[in-house]
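The sequence and structure are shown first.

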Amino acid sequence: METLSQNNIEAFKAVRNRLDAAALTRVDIASVEAVDPAKAAASHWNFDLPSHAADLALGEDATDEMRRALVATWALELPGRAVAADLPPEVMELYPFWLDRLAEFLAASEGEYDRDFWAKDVRFSLALSVPGALTQTIDLSSPMGPGQVVRNGRDGYGWSQLIAYVKAQGWKKAWLEVHTESRHTHDFNEAGWDRAWATAAAICKRRPELAGMIGSSWFYDPPLETISPRLGYLRLNPLKGGAFIIHQGPAPIHSERCGATSPTRRAMIESGEYLPRSWLVAWPKSTLIPWADARAAAMKADEKAAA
C-alpha cells in the first residue's frame, strides 16, 4: 500500500470538510502537535494514552466531529507512515481492507465517538497499531512486566511460565500485542486468528528486538473448552505452538464481555456457575516464528496438492 484509493481520499477529505474553518485549523494544528506525544505514549501498558495525547492537543472543548476529522487527517498520511515503519508484506496487504472500513465508519458516524473506537483509530491512523488479519490489529510495542508472571506462580498457576519468560527476556524487550476489532468480526475464527499470529511472526522477523506477541482476554480462560468448545482454538493453538499463559483474574468487564454474545455463558455467569477470568497469552518469537514457517509450508503443500 503506497497510496490510498481515490474513494478513501474523498471520504477522509469529506470528513474534514464537515468542520468550519476555525475548527479545521485546530485539527490541523493538533495533527502535528499530537504525533510525538502519542508515539511516546504508545509503549505504555495503557492502550488509551495516545488518544489522550490527541485530546490534549485538540483542547478541552473539542467535539467528536473534530476527533473524527483528526483521524481522517492522519489516515490521509498513513501510507507514508506505513512505508516508513518497514512493515512486512503480510501487514501491507491488509491495509486496503482496513482503510476501507475506517473510511466507511468515519463517513457514517454522527454524534458520540465511542471512546474505545477513538483510542483504536488514533493508534491505527498513526501506525502505532497495524493490521494483523481482518479482525485483529497488532500494537507494535507493548510491555510485559515480571510482576504478573511471578504472581501467576505464587497464586498456584505454575512456574514454568517464568522460565519461558526469562528465556524470552520478556522484561527488557517489547512485545507485540493483539487486539480484536469489534466493528468487523467476520474474521473472528480459527483461520483469522492463525493469520494474526502468523503476521506477528513476520513482524518479529523484521524486528529482532521484539520478544514475541501477547494477547489478553477472557476468551483464553481454560473452562471455555467445556463451556464454549468452539472457542478452544483461541487458547490451544498458541499453546500447542509454544506459547504460555498467565492468569490475570476476574473482573466485571470480563464477565460483561464474556456473556455479551452467548446466552449460555450469560446464564452461567448470572447464576454464579461460572466466573470468567482473563488470561494473558504470551508467544515468544523463538517458537512463534517456527510455527508460522511450518504453517506457511503446510499451506503451500495444500495449494500444490489442490492444483
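A residue counts as buried when its relative accessible area is under 20%, as exposed when over 50%, and as partly exposed in between. The model described here is predicted.

## Helix H8

With that cut-off, the buried residues of H8 are Tyr 95, Phe 97, Trp 98, Leu 99, Leu 102, Ala 103 and Leu 106. Helix H8 runs over residues 95-108 and has 14 residues. From the first C-alpha to the last, H8 reaches 20 Å, close to the 20 Å expected at 1.5 Å a residue.

## Packing around helix H5

Two packed helices are described by the angle between their axes and the distance between the axes. Helix H4 (residues 49-58) packs with helix H5 (residues 64-76) at an angle of about 115°, and the axes are 11 Å apart. Angles of 65 to 115 degrees count as roughly perpendicular, so H4 is roughly perpendicular to H5. H4 passes H5 in a right-handed crossing. On the H4 side the contact is made by Ala 54, Asp 55 and Leu 58, and on the H5 side by Met 66, Arg 67, Leu 70 and Trp 74. The residues of this contact divide into 5 nonpolar, no polar and 2 charged.

H5 also packs with helix H1 (residues 6-16), at an angle of about 145° and with the axes 8 Å apart. The crossing of H1 and H5 is left-handed. H1 contributes Ile 9, Phe 12, Lys 13, Val 15 and Arg 16 to the contact, while H5 contributes Arg 68, Ala 69, Ala 72, Thr 73, Ala 75 and Leu 76. By class, the residues of the contact of H1 with H5 are 7 nonpolar, 1 polar and 3 charged.

## Arg 195 in helix H12

Where does Arg 195 lie? Arg 195 belongs to helix H12, residues 190-206. Its relative accessibility is 26%, and therefore Arg 195 counts as partly exposed.

Leaving aside residues up to four places away in sequence, Arg 195 touches Glu 93, Leu 94, Gly 132, Ala 133, Leu 134 and Arg 295. Gln 161 is 34 residues from Arg 195 along the chain, and the C-alpha atoms of the two are separated by 24 Å.

## Helix H14 and its surroundings

Helix H14 covers residues 233-240, and its buried residues are Tyr 233, Leu 234, Arg 235, Asn 237 and Pro 238. These buried residues pack against H12, helix H13 (224-227), strand E5 (244-249) and strand E6 (278-284). Just after H14, Gly 242 takes a positive phi of about 115°.

Most residues other than glycine have a negative phi. Asp 86 is not a glycine, yet has a positive phi of about 55°. Asp 86 lies in the loop between helix H6 (78-84) and helix H7 (89-92). Its relative accessible area is 45%, so Asp 86 is partly exposed.

Ala 127, also a residue other than glycine, has a positive phi near 60°. The loop that holds Ala 127 is between helix H9 (115-125) and strand E1 (129-131). Is Ala 127 buried or exposed? With a relative accessible area of 9%, Ala 127 is buried.

Notes
Residues numbered from 1 in each chain as written. Predicted model: local features only at pLDDT ≥ 70, side-chain atom pairs only at ≥ 80, totals over all residues. Heavy atoms only, no water. Axes fitted to C-alpha atoms, helices over the stretch in contact; angles between N-to-C directions. Helix = DSSP H or I, 4+ residues; strand = E, 2+ residues; numbered from the N terminus. Parallel < 35°, antiparallel > 145°, perpendicular 65-115°, else oblique. Left-handed = near helix turned anticlockwise from the far one by under 90°. Contact = heavy atoms within 4.5 Å. Nonpolar A, V, L, I, M, F, W, Y, C, P; charged D, E, K, R; others polar. Expected span 1.5 Å × (residues − 1). Buried < 20%, exposed > 50% of the residue type's maximum accessible area, 1.4 Å probe, protein only.
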